[in-house]
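Thanks for coming, everyone. Let's take a quick walk through one structure, one topic at a time. Have a look at it first.

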Amino acid sequence: MKRIIKTHTYQLMHDRSMHLMFLLVVFLSAALGFFSEGGSTDDVPLSSCHFILGNWNAFMNIPYLFIGYAVGTICAGDFGDKTLYIELLSGVRRVQLVLGRGIVAIVYSFLCSVVITLTPIVVTSFAYGWGEYFTVQDFLLRWVVSLFPLLRSICAFVMLAFLLKNHYILMALGFGGMMSSIQFGVLFSEAPPALLSCTSTVKLGSFDTWQVFSMGDEVHLVVETAIRDGVISSVILGSLIASALYIVLSCAIFHGDDMN
Amino acid sequence: MNTYDTILITAEMIAAAILFFIAGKAKELPNTKWRLAYLLPSVLCVLLIAISGLEVRLLPVCIGAVIAAAGLMKETVFFRRIVSGTLGALTVCGLLLCLLLPGYRNKDYLADFETGFTAMRERYSLAEHKQIDWDSLYNEYRPRFEEATRTQDESTNTLAWLGLCGQLCDGHCTYSPNGMEQSVEYPYLREVLGSGFGLALLQDTDGNAVAVHVDPTLEIYGIRNGTIVTAWNGMTPEAAAKLSPGFDIMTYPNTDNAAFYRYFLTAGIGTEQAEVTFLDENGAERTVQLAATGNYYDLLADVKRQFNGNSELPNLSWQNVSDTAACLRIREMLWDGRLDVKDYGPMKAQLREDIQKLREEGIHDVIIDLRGNGGGHIPMAQAIAELFNAEGEYVMACDGVWDSENRCYRKASDGSYEVGGRYICHGEQILGDGRIVVLVSDSTFSAAEYLTRLLGLSDNVTIMGFNGTLGSSQPMGVVELKYGVLGFPFTLFLEEDGSVLIDGDAEGKTGIDLDVRVPFDQAAIHGIFDMGEDHLMQRAVEYLEQAVSLS
């Protein structure tokens with residue numbers, strides 16, 4: 001399995017299209033931060049806080065575009081040219097094959113997702129300043145917790161890769177995931193936060209806000225940064241359990257699967 | 001049962017049957033794809049729970065779906081039939097639990113209360129001004145929401161919210177259950193106030209509980225409009241009023257108004273009969289038994305209508321009330337029923353034109369009738385005040401200074417609030433030497449109180465009424481709860497000296513004083529409730545005529 005991991009890591013380091021795709025998504029993410037109006041108005045200038053309040057779901061879902069591509073290429077790319085079957089014939093166990101590819105895909109996609117989700121925050125902070133509605137620590141807490149649902153999604157993509165065996169479909173699913181996660185998150189507003197990764201992300205991005213205003217046009221937005229008891233633990237626990245389940249299912253699906 | 005739960009149970013039952021069948025079929029037609037079918041119950045379960053939310057009683061169904069997924073791993077017919085059967089059995093268990101165990105998809109009114117109360121505690125901008133004791137309110141009202149959750153009674157929940165809002169003595173503190181208008185208190189109060197006995201009680205100028213809006217059939221007992229009632233069901237009228245379920249809901253920010261309506265709920269106490277003690281024509285106490293008749297809330301609404309002049313004139317309409325005076329009726333602070341008007345220039349132009357015509361007809365005084373005006377858009381109040389106020393500058397209101405760090409309005413060292421932006425309006429004195437009387441009642445509130453206050457700053461204006469304005473003017477914010485919408489002020493507008501604008505404080509003192517308090521005496525009661533007169537309007541006309549003769 002170590003050999004598979006090393007092989008794929010080496011392959012990743014030299015995969016120009018993968019680098020290009022990563023840069024493209026990072027650029028897209030940066031552009032979202034730079035050109036977004038957040039919830040700003042003429043009286044309330046844009047800041048990182050504003051951007052986070054208005055675009056949480058957007059920038060937390062952009063990584064799906066890359067995850068679909070990366071996981072598809074790493075886990076399902078070798079189905080197309082039958083390389084994977086040669087590996088099997090050379091005596092590699094199926095579970096090693098799944099885990100070897102899966103671990104590389106998960107670690108690589110996860111690290112890239114971290115960069116992609118942080119990019120717009122860094123861009124808006126440098127361009128417009130942080131803002132006053134909440135502290136960096138408040139944001140970091142929610143962001144770190146929301147990486148767990150992202151990990152869960154990556155594992156789900158790994159499972160889908162071994163189920164569908166087609167990296168093009170994975171890429172399409174990544175694009176679809178980016179486009180539809182927000183809608184699903186809103187549609188499933190009644191669901192427990194930990195049930196799905198989209199409900200977790202939406203819940204973590206829901207800041208309770210209220211306003212006080214002046215008799216003129218001045219508005220002071222007050223943001224409640226506290227997260228309800230149990231949300232953090234349930235999201236982390238739910239995500240880890242689901243991630244493990246997806247990996248087990250990946251192995252189960254690939255185990256004894258037809259090779260045609 | 002919830003539609004999605006029904007779909008889930010039906011779908012899982014069908015899935016269990018299909019998977020049971022597939023177990024054998026997969027043996028006959030070997031294909032690894034059959035395995036994927038065993039994931040179907042889990043996918044269905046997650047999707048439907050995501051849509052409808054988790055119900056603990058459906059947990060066996062979820063467990064069944066997870067067990068069924070094991071069919072993906074072990075491909076023997078026996079094992080797959082066992083997991084399919086288990087799914088079916090657990091789904092039936094889930095169905096039975098939903099049907100037989102009480103508390104299926106219960107509404108958690110208590111959680112809603114905790115959310116709403118926390119928001120109130122943190123955001124209510126007048127909490128300090130009114131010296132609200134949050135802990136005591138929490139301890140008093142929490143059991144009512146516990147009861148609402150236990151009994152699953154929406155009415156108990158709504159009445160508890162209305163009671164809690166009532167305890168803040170703020171007309172801008174409201175609660176509406178989902179799908180109902182803001183005036184929700186009406187249907188609920190109508191229900192809980194129950195039957196009346198053909199009369200209502202108000203406090204007259206001497207502090208007596210006097211009968212008003214008396215049903216003519218009570219004449220046989222010697223009870224008529226103006227009769228002094230000394231006891232109700234053997235209790236003092238005030239003690240009886242405290243037994244009313246509406247007592248904590250119908251509250252007043254202004255102590256004068258609270259006193260005026262001290263006995264307002266008394267005559268609704270009793271079920272089939274009420275024992276009423278009153279003073280007869282000779283001043284002797286008599287006790288009679290009255291039978292219940294009609295809805296008490298409707299009767300109270302009629303009393304308020306008559307008390308407010310019973311005018312059916314449309315908003316911003318004129319009516320000549322004497323040879324030299326006309327009345328401008330402003331029913332609401334909305335022009336064309338809109339809250340988003342940016343420019344009140346056309347409205348002012350129309351009023352200028354109207355006044356010009358009236359002046360050509362010999363009208364030089366104006367009565368502005370704001371009774372029953374529940375407010376609307378503050379800029380409209382400013383626009384009207386600018387027309388009528390004497391020439392000069394008037395401070396309409398000042399902003400409080402918001403402290404973002406501490407999430408509260410900043411205070412100066414002397415304990416008053418720090419004053420931010422000042423908002424000025426300029427009087428046009430359109431009536432020249434003409435005088436203005438503003439008629440108000442306790443139903444004059446919110447933006448109408450801004451107008452009353454602004455007009456009151458002019459020397460040519462007299463504010464007149466039986467009782468003062470409500471005393472609630474801070475703009476309202478809303479908190480959306482799961483089962484309703486809670487509204488209360490988040491923002492704070494101030495006087496120039498840093499005191500709170502208009503709203504009643506802990507002692508029930510509001511920022512608007514009457515210039516002329518018309519006595520609510522036997523003459524007024526007789527005029528309003530026997531003759532159907534607009535007694536206050538008549539006094540206003542007399543007042544203006546006296547002013548003319550004195551000048």
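Start with a term: a residue is buried under 20% relative accessible area, exposed over 50%, and partly exposed in between, using a 1.4 Å probe and protein chains only. Arg338(B), with a relative accessible area of 38%, is therefore partly exposed.

Now the ground rules. This is a predicted model, where local features need pLDDT of at least 70 and side-chain atom pairs count only at pLDDT 80 or more, while totals for chains, interfaces and linings use all residues. Residues are numbered from 1 along each chain as its sequence is written, chains are lettered from A and ligands numbered from 1 in the order in which they are written, and side-chain values use heavy atoms, leaving out hydrogens and water.

Next, salt bridges. Side chains of opposite charge can pair when their charged atoms come close. Here a salt bridge means a side-chain nitrogen of Lys or Arg within 4 Å of a carboxyl oxygen of Asp or Glu. How many salt bridges does the structure hold over all chains? There are 29.

Arg338(B) makes one of them, with Asp340(B); the closest N and O atoms are 3.3 Å apart.

Another pairs Arg407(B) with Glu224(A), at 3.0 Å between the closest N and O atoms. This pair crosses between chains: Arg407(B) sits in the loop between strand S13 (402-403) and strand S14 (408-409) of chain B, and Glu224(A) sits in strand S2 (residues 219-224) of chain A. A word on those labels: helices (H or I, at least four residues) and strands (E, at least two) are DSSP runs, numbered from the N terminus. Is Glu224(A) buried or exposed? Its relative accessible area is 14%, so Glu224(A) is buried. Arg407(B) is at 24%, so Arg407(B) counts as partly exposed.

Glu114(B) meets Arg142(B), with the closest N and O atoms 3.0 Å apart. The pair links distant parts of the chain, 28 residues apart: Glu114(B) is in helix H5 (residues 109-123), Arg142(B) in helix H6. Glu114(B) has a relative accessible area of 24%, so Glu114(B) is partly exposed. Arg142(B) is partly exposed because its value is 24%.

There is also a network of salt bridges linking Arg329(B), Asp369(B), Arg371(B) and Asp534(B).

On to the strands. Two strands pair if DSSP finds at least two bridges between them. S6(B) and strand S7 (residues 285-291) of chain B pair in the antiparallel sense over 7 bridges. Gln273(B) has Ala291(B) as its bridge partner in S7(B). This hairpin has 5 residues between the strands, and Gly283(B) takes a positive phi near 85° there. On to strand S5 (residues 229-232) of chain B: 3 bridges join it to strand S6 (residues 273-279), and the two run antiparallel. Val229(B) has Phe278(B) as its partner in S6(B).

Chain B also has an open sheet of 6 strands with mixed pairing, in the order S9-S10-S11-S16-S17-S21. Which are the edge strands? They are strand S9 (317-320) and strand S21 (516-517), and each pairs on one side only. Strand S17 (residues 461-465) of chain B runs parallel to S21(B), over 2 bridges. There, Gly465(B) stands opposite Arg517(B).

Last stop: Glu480(B), in strand S18 (residues 476-480) of chain B. Glu480(B) counts as exposed because its relative accessibility is 69%. Tyr175(B) is 305 residues from Glu480(B) in sequence, but 10.0 Å in space, C-alpha to C-alpha.
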